[in-house]
Amino acid sequence: RLKDNIRLLGVTLREFTALTGGGHALGKMHEERSGFKGQWTPDPRHLSNAFFRVLLREDWEEFEVPAAPTGGPGGLEEAKEPVLQFKAKGKNLFMLPADLLFRTDPELA
């Protein structure tokens with residue numbers, strides 16, 4: 001399904017991979033907007049290939065983010081059920097479930 005959405009954007013899988021890596025190297029997840037929390041890289045202030053280095057080098061464990069209000073079109077929506085993401089063992093680095101596809105899917109790697 002992700003690949004279908006990528007094609008709708010009018011970019012190739014390779015272009016999408018590059019855009020995701022750059023975008024995730026910068027900044028962090030905002031729990032109040034997405035339900036996910038944490039940052040992808042140790043230094044989210046610099047554009048680099050750190051997202052891919054972290055993704056490939058770390059061991060990932062399931063991590064459940066407790067239900068929190070998220071931003072919706074009209075402001076904060078009611079709390080949803082907990083969301084699943086992944087946390088690097090022993091570190092405060094996080095990945096979304098879709099991010100792990102870059103490790104396993106040869107078309108995205």
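Under the cut-offs used here, buried means under 20% relative accessible area, exposed means over 50%, and partly exposed lies in between, with a 1.4 Å probe and protein chains only. Asp43 meets the side chain of Arg45 in a salt bridge, at 3.1 Å from N to O. Arg45 counts as exposed, at 66% relative accessibility. A salt bridge here is a side-chain nitrogen of Lys or Arg within 4 Å of a carboxyl oxygen of Asp or Glu.

A word on what you are looking at. This is a predicted model, in which local features need pLDDT of at least 70 and side-chain atom pairs count only at pLDDT 80 or more, while totals for chains, interfaces and linings use all residues. Residues are numbered from 1 along each chain as its sequence is written, and side-chain values use heavy atoms, with hydrogens and water left out.

Now step back to the whole protein. Its secondary structure comes to five helices and seven strands, and along the sequence they follow the pattern α-α-β-α-β-α-β-β-β-β-β-α. Helices (H or I, at least four residues) and strands (E, at least two) are DSSP runs, numbered from the N terminus. Of the 109 residues in the protein, 35% are buried. The protein exposes about 7000 Å², and carbon and sulfur atoms supply 54% of that area; accessible areas come from the Shrake-Rupley method with a 1.4 Å probe, and for residues only the protein chains shown count as cover. Among contacts with a separation of 6 or more, 55% are between residues 24 or more positions apart. Contact means heavy atoms within 4.5 Å.

Which residues of α2 are buried? They are Leu13, Phe16, Thr17, Thr20, Gly21, Gly22, His24 and Ala25. In general, an α-helix has 3.6 residues a turn, so residues three or four places apart point the same way. The cover over the buried residues of α2 includes α1 (2-8), α4 (50-57) and α5 (101-104). Take Thr17 as one example: this residue is buried, with a relative accessible area of 11%. Leaving aside neighbours within four places in sequence, Thr17 is in contact with Phe52, Phe102 and Leu108. Just after α2, Gly27 takes a positive phi of about 75°.

Aromatic rings come next. A pair of such rings is described by the distance of the centres and the angle of the planes. Rings of Phe, Tyr and Trp (its six-membered ring) pair if their centres lie within 6.5 Å; planes under 30 degrees apart count as stacked, over 60 as edge-to-face and the rest as tilted. The structure holds five aromatic pairs. In one of them, the rings of Phe51 and Phe52 have centres 5.1 Å apart and planes at 75°, so this pair is edge-to-face. Are these two residues buried or exposed? Phe51 is buried, at 0% relative accessible area, whereas Phe52 counts as partly exposed, at 26%. Ring pairs also link Phe16, Phe51, Phe52 and Phe102 into a cluster.

Two strands pair if DSSP finds at least two bridges between them. Strands β3 and β6 run antiparallel and are joined by six bridges; Phe63 stands opposite Gln85 in β6. Two bridges join β6 to β7, again antiparallel, and the partner of Lys87 in β7 is Phe94. Strands β6 and β7 form a hairpin with five residues between them, and Gly90 in the turn has a positive phi of about 75°.

Finally, return to the salt bridges, of which the whole structure has four. Glu107 pairs with Lys3, the closest N and O atoms being 2.4 Å apart. That pair links distant parts of the chain, with Glu107 in the segment after α5 and Lys3 in helix α1, 104 residues apart. Glu107 counts as partly exposed, at 46% relative accessibility. Lys91 forms a salt bridge with Glu58, with 2.8 Å between the closest N and O atoms. This pair also links distant parts of the chain: Lys91 lies in the loop between β6 (83-88) and β7 (94-95), and Glu58 in the loop between α4 and β3 (60-65), 33 residues apart. Lys91 is partly exposed at 37%, whereas Glu58 is buried at 13%. Salt bridges that share partners join Lys3, Asp105 and Glu107 into one network.
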